[in-house]
Amino acid sequence: MVASCRAAWIGHLGGMSQSGKSLNATRWMRNWLVVIGVLVYAMILIGGATRLTDSGLSITEWDPIKGALPPLSDTAWASLFEKYQQTAEYRLQNSGMSLGDFQQIFWWEWGHRLFGRLIGLVAMFGFAIFAIRGWLSRALATRFVILILLGGLQGAIGWWMVSSGIGETTRVDVAPYRLATHFMLALLIIGYTAWLWLDLGGKVRESVSRPVRLVAWALLGLIVLQMAAGALVAGLDAGRTYNDWPLMAGEFVPTSYLSEGLGLRSLFEGRATTQFNHRILAYLIWVLALVSAWIFRKTSLKGAFTGLALLVSLQAVWGIVTLMNAAPMNLALLHQALGVIVTLAAVRLVWRARGSGQLVDSVSALGSTNTA
């Protein structure tokens, strides 16, 4: 079956004379996408560590060019430290911080931004090489350009997020909804990268029934919503409150679910509200993943459903452990890392459940293909 699918894919690439070149080009593009995906995954974890160490507001300016260089003199360090001392985070939370302590949080944020620049360079360099070699059709070039533009947008969103904690006189952290936006865009980028990688893989998607497709999409939608809810919890440090389980301060629904001062804004800014919502979504996804794995155990996607159910179960258990230990950095980072893997597994499930539609045609994608 695998051999016949592979042969059909090569035939789809068109002609024995072009199949070798097409497969070679496709292999390079898929490897490039893997590198981007790994870098984005690492970037997500670095960003999580930057948040958990309260380092995100240590650099108070956005300078995409000059900012790539770290401070190279005592004067430069003093200038940066002075700017940080003007923030509410320093005045209200870190007053009296030494230059040495400032340098520790500075390197986290500077490394986070530098890693973002590295991803951009890798993306643009690969795209330029593929274009020069004539490997890109208009359709595939458009997809890759969208990926690169999403990366550029992420840099702008990152500064929009950081600026929310710099311009305020009382805020000591970035706005939770901006942090969630920044995180969800990173999730979109890595998910889109995985989708492109799958499209270029030459594998035939299974023909499945409509209920299977709907459940796959429902799982992906709920998991994405849960990741957004988790980002709000992280932005509010809500995982370090209500650390009992399965209840919250002895209650199923906390009495402070809707805070008097926040009202409906509690859905985005209330610690009790965001943690409760995160818990309920986790239970819903967990049950749906397990039930769907059982119901569709005789379909061609039984492995994908079972794998996702196992990952969701692992993530749920680890989330409980993280919560009950008040979300220390190591447990919280692993929880975030597993969440991204769960999301990618759901993306793969949806991709496979879409049926045998037209895949990326690598020969048309390669254009006239004048490879050296």
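Which residues make a nonpolar surface patch of about 320 Å²? In this predicted model, local features need pLDDT of at least 70 and side-chain atom pairs count only at pLDDT 80 or more, while totals for chains, interfaces and linings use all residues. Residues are numbered from 1 along each chain as its sequence is written, and side-chain values use heavy atoms, with hydrogens and water left out.

The patch is made by Leu247, Phe252, Val253 and Ile280. Patches of this kind consist of residues with over 30% relative accessible area and no salt bridge, nonpolar side chains (Val, Leu, Ile, Met, Phe, Trp, Tyr) being joined within 5 Å and like charges within 9 Å. A salt bridge is a side-chain nitrogen of Lys or Arg within 4 Å of a carboxyl oxygen of Asp or Glu.

Aromatic rings of Phe, Tyr and Trp (its six-membered ring) pair if their centres lie within 6.5 Å; planes under 30 degrees apart count as stacked, over 60 as edge-to-face and the rest as tilted. By this rule the count comes to 18 aromatic pairs. One of them, Phe81 with Tyr90, is edge-to-face, at 6.2 Å centre to centre and 90° between the planes. Phe252 and Phe276 also form an edge-to-face pair, with 5.7 Å between centres and 85° between the planes.

A single aromatic cluster is formed by Trp77, Phe81, Tyr84, Tyr90, Phe102, Phe106, Trp107 and Trp110.

Charges also sit over rings (NZ of Lys or CZ of Arg within 6 Å of the ring centre and within 35 degrees of the ring normal). Arg30 lies over the face of Trp197, at 3.8 Å from the ring centre, and Arg297 lies over the face of Trp294, at 3.8 Å from the ring centre.

Technical notes: Accessible areas come from the Shrake-Rupley method with a 1.4 Å probe; for residues, only the protein chains shown count as cover.
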